[in-house]
Amino acid sequence: MSNFVGGKNQVIADEDYEIVCLCQKGDVDAFGSLVEKYQKKMVNIAFRIIGDYEAASEVVQDAFVSAFKAMRKFRGDARFSTWLYRIVINASRNRMKQLRTRIRREGISIEGSRDSEDGPGIDPPDPGPSVLEQVEKREMEAKVQACINALADEYREVLVLRDIQGFSYGEISDILKLPDGTVKSRLFRAREALKDGLKEMIGDL
Amino acid sequence: MMECGTILQRLSAYLEGIVSSEEKRFIEEHLLSCQPCSSVLRELKRASELVRDLQEVEPPPWMTQKVLARIRREQEGKKGIFEKLFFPLRIKIPIQATATVLIVVLAIYVFKAGEPVLKRVQSPTARDEVASKVEDFRQPAAPAVEVPAREAKPVLKEMPKLSDRRDVSPPVGEKGKEEMAGRVREPVHEPMREKAMGIPEGERRVAHERQEAAGGKLDETVMTLGSAERDAAKEKRMPAAGVVKTEEYGAVRDSLANEQKAPAAAAPLRAAVAKRAEAASISVQAGDVKKVVDEIEDLLRQLGATRIEKESLQDAEVITAELQSEKIEEFMKELRIKGEIKEEKLPSPIPTGKTSIRVEILSVR
């Protein structure tokens with residue numbers, strides 16, 4: 001733990017500490033408030049890792065239930081949010097493995113299955129841009145997501161956490177339980193790979 | 001190119017601004033002179049923009065509800081599993097309680113079931129009481145029919161001795177005769193049969209009075225009696241100890257039944273006893289029994305006796321008849337001529353009207 005960025009041996013100030021204590025005593029309603037608080041972040045992480053909104057929603061649901069069950073194992077050596085994100089990333093990783101196994105078995109192309117992503121939960125677009133612009137934007141997003149999906153798991157995770165979710169390197173280190181340097185090197189390679197993928201897909205960047 | 005490779009590796013960090021100022025200046029100098037590296041930087045910037053521009057998705061509105069519902073359901077399920085796991089422990093207590101209650105109930109039942117057996121063992125006493133009641137009614141009013149109190153005792157007690165008694169110990173009332181005859185079976189039979197009649201006997205005796213003396217008709221008489229009496233009568237004839245033992249229970253049971261009948265039977269019994277008080281019993285010893293029987297019969301006819309009946313027993317002939325009281329004296333006189341009167345029981349004073357006479361003719365051996 002000591003090799004983690006930010007010197008995590010010190011006591012971590014956790015804003016969720018009190019609610020977490022209630023949850024550890026079996027307070028389901030208290031856990032509800034945590035779900036409310038973190039569900040958006042959780043769904044977005046899962047969605048960008050998995051690339052499918054429905055699957056991501058299910059994964060997040062499972063992750064929350066697992067989190068509540070494992071609440072007593074939570075010792076407070078990291079922030080609750082960090083612990084929660086770790087859970088959802090692991091769950092997403094497992095789901096990806098399942099999906100890949102199924103796709104390989106059924107011979108369905110990953111791209112084909114992901115054309116119709118961006119589920120019902122997408123934020124309504126700004127009223128400003130025209131319909132054409134909206135369509136173009138959606139198409140572009142789909143392509144970007146496809147490129148993200150094409151990345152290796154370890155690259156994708158750091159890219160999502162850093163470039164999409166904006167986590168600090170320290171947080172990413174905690175979430176993924178990886179040294180800071182590994183996170184950075186993975187992230188740089190991930191960006192390189194993504195750029196290449198986008199260049200291939202879109203043409204000129 | 002070596003420089004380009006190093007620069008490209010650092011471009012990402014450079015974009016993020018996490019490179020030292022020295023490194024930053026070095027990279028920027030290189031980018032100004034190297035077009036391909038500048039293009040890569042531009043592409044990286046564009047890619048980062050595209051990724052950053054990805055819109056956030058909203059979580060499904062049911063998320064919190066579903067998560068909490070699942071947690072609650074799983075908690076209940078967990079509880080259910082917990083309960084199932086400990087279900088045997090929980091049911092054990094009722095099982096133990098039920099078992100205990102069952103054992104107690106069983107023990108009480110067994111104890112209760114044992115009680116009737118105890119009653120059976122005691123029952124001869126009860127029968128004694130009934131029998132003695134009958135005797136109370138009989139004895140004072142009918143001295144002529146000497147039924148010893150001992151004879152009236154429960155069948156149960158007498159049976160084991162029955163076979164012996166037939167040969168060796170006749171009833172007290174017949175003792176004198178026994179001395180002369182050596183083996184006297186019939187007198188034994190008589191009091192026994194009387195016993196067999198039991199309590200309701202009194203009622204029936206009115207109808208079967210005439211049959212009373214006729215040993216051959218005993219079965220018929222017995223048939224008309226209640227089952228209790230019949231059983232008792234059968235028992236008297238059964239010398240086999242084993243059989244007697246089994247019959248004991250029947251007798252005991254009957255004695256219990258008699259106990260209940262006793263009060264109801266009391267009234268007709270008194271009437272019967274009064275009737276019996278008129279009876280006269282005579283024992284005669286003769287050399288030629290058949291001849292004497294015929295003679296006595298003729299005599300009775302001459303004296304105007306009615307309902308003359310003869311009964312053949314093993315060792316004796318019995319004649320019963322109803323005779324006018326005035327004629328008894330004459331009858332006795334004639335009788336003394338015909339044979340030796342061994343025993344004579346006449347009601348004294350001799351009542352008026354008809355009197356039952358029972359004459360036993362025993363052979364001299």
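Student: With which side chain does the side chain of A:Asp153 make a polar contact?

Tutor: The model is predicted, and every value here is computed from it. A:Asp153 belongs to helix α7 of chain A, residues 153-164. At a distance of 2.4 Å, its side chain makes a polar contact with the side chain of A:Arg156.

Student: Does A:Asp153 count as buried or exposed?

Tutor: The cut-off for buried is under 20% relative accessible area. A:Asp153 has 15% relative accessibility, so this residue counts as buried.

Student: Leaving aside neighbours within four places in sequence, which residues is A:Asp153 in contact with?

Tutor: Contact here means heavy atoms within 4.5 Å. With neighbours within four places set aside, the residues in contact with A:Asp153 are A:Arg93 and A:Arg100.

Student: Where does A:Asp14 lie, and which residues is it in contact with beyond four places in sequence?

Tutor: A:Asp14 sits in the segment before α1 of chain A. A polar atom of its side chain lies 2.9 Å from the backbone nitrogen of A:Asp16. Once neighbours within four places are left out, A:Asp14 is in contact with A:Phe74, A:Ala78, A:Arg79 and A:Phe80.

Student: Why is A:Asp14 called buried?

Tutor: Buried requires a relative accessible area under 20%. A:Asp14 is therefore buried, as its relative accessible area is 16%.

Student: How many residues apart in sequence are A:Asp14 and A:Gly76, and how many Å apart in space?

Tutor: The distance in space is taken from C-alpha to C-alpha. A:Asp14 and A:Gly76 are 62 residues apart in sequence and, in space, 8.2 Å apart.

Student: Among contacts in chain A between residues at least 6 apart in sequence, what percentage join residues at least 24 apart?

Tutor: Chain A has nine helices and zero strands. Of its 205 residues, 47% are buried. Among its contacts between residues at least 6 apart, the share joining residues at least 24 apart is 68%.

Student: Which element gives the most to the lining of the largest pocket?

Tutor: The largest pocket holds about 320 Å³ of space and is lined by 13 residues. At least two lining residues come from each of α1 (17-24) and α3 (53-69) of chain A and α4 (63-85) of chain B. With four residues, the element giving the most is α4(B).

Student: Which lining residues lie nearest the centre of the largest pocket, and what classes make up the lining?

Tutor: By class, the lining has five nonpolar, three polar and five charged residues. Nearest the centre lie A:Phe68, A:Lys69, A:Arg72, B:Gln75 and B:Lys78.

Student: What do the buried residues of α14(B) pack against?

Tutor: Helix α14 of chain B covers residues 325-338 and reaches 20 Å from first C-alpha to last, close to the 20 Å expected. Its buried residues are B:Ser325, B:Ile328, B:Phe331, B:Met332 and B:Leu335. In chain B, these buried residues pack against β1 (280-286), α13 (289-302), β3 (316-324), β4 (340-345) and β5 (354-363).

Student: What is phi of B:Arg307, and how does the residue count by accessibility?

Tutor: B:Arg307 lies in strand β2 of chain B, residues 306-312. Its phi is near 50°, a positive value in a residue other than glycine. Its relative accessibility is 39%, so B:Arg307 counts as partly exposed.

Student: Where is A:Lys177 found?

Tutor: A:Lys177 is a residue other than glycine with a positive phi, near 55°. It is found in chain A, in the loop between α8 (169-176) and α9 (180-202).

Key:
Residues numbered from 1 in each chain as written. Chains lettered and ligands numbered in written order. Predicted model: local features only at pLDDT ≥ 70, side-chain atom pairs only at ≥ 80, totals over all residues. Heavy atoms only, no water. 1 Å grid on protein atoms, 1.4 Å probe; cavity = no way out; pocket = protein on both sides within 12 Å on 5 of 7 lines; lining within 4 Å. Points joined across faces, edges and corners; volume = space filled by probe spheres on them. Nonpolar A, V, L, I, M, F, W, Y, C, P; charged D, E, K, R; others polar. Expected span 1.5 Å × (residues − 1). Buried < 20%, exposed > 50% of the residue type's maximum accessible area, 1.4 Å probe, protein only. Polar contact = N/O pair within 3.5 Å; in protein donor to acceptor, adjacent residues only side chain to side chain.
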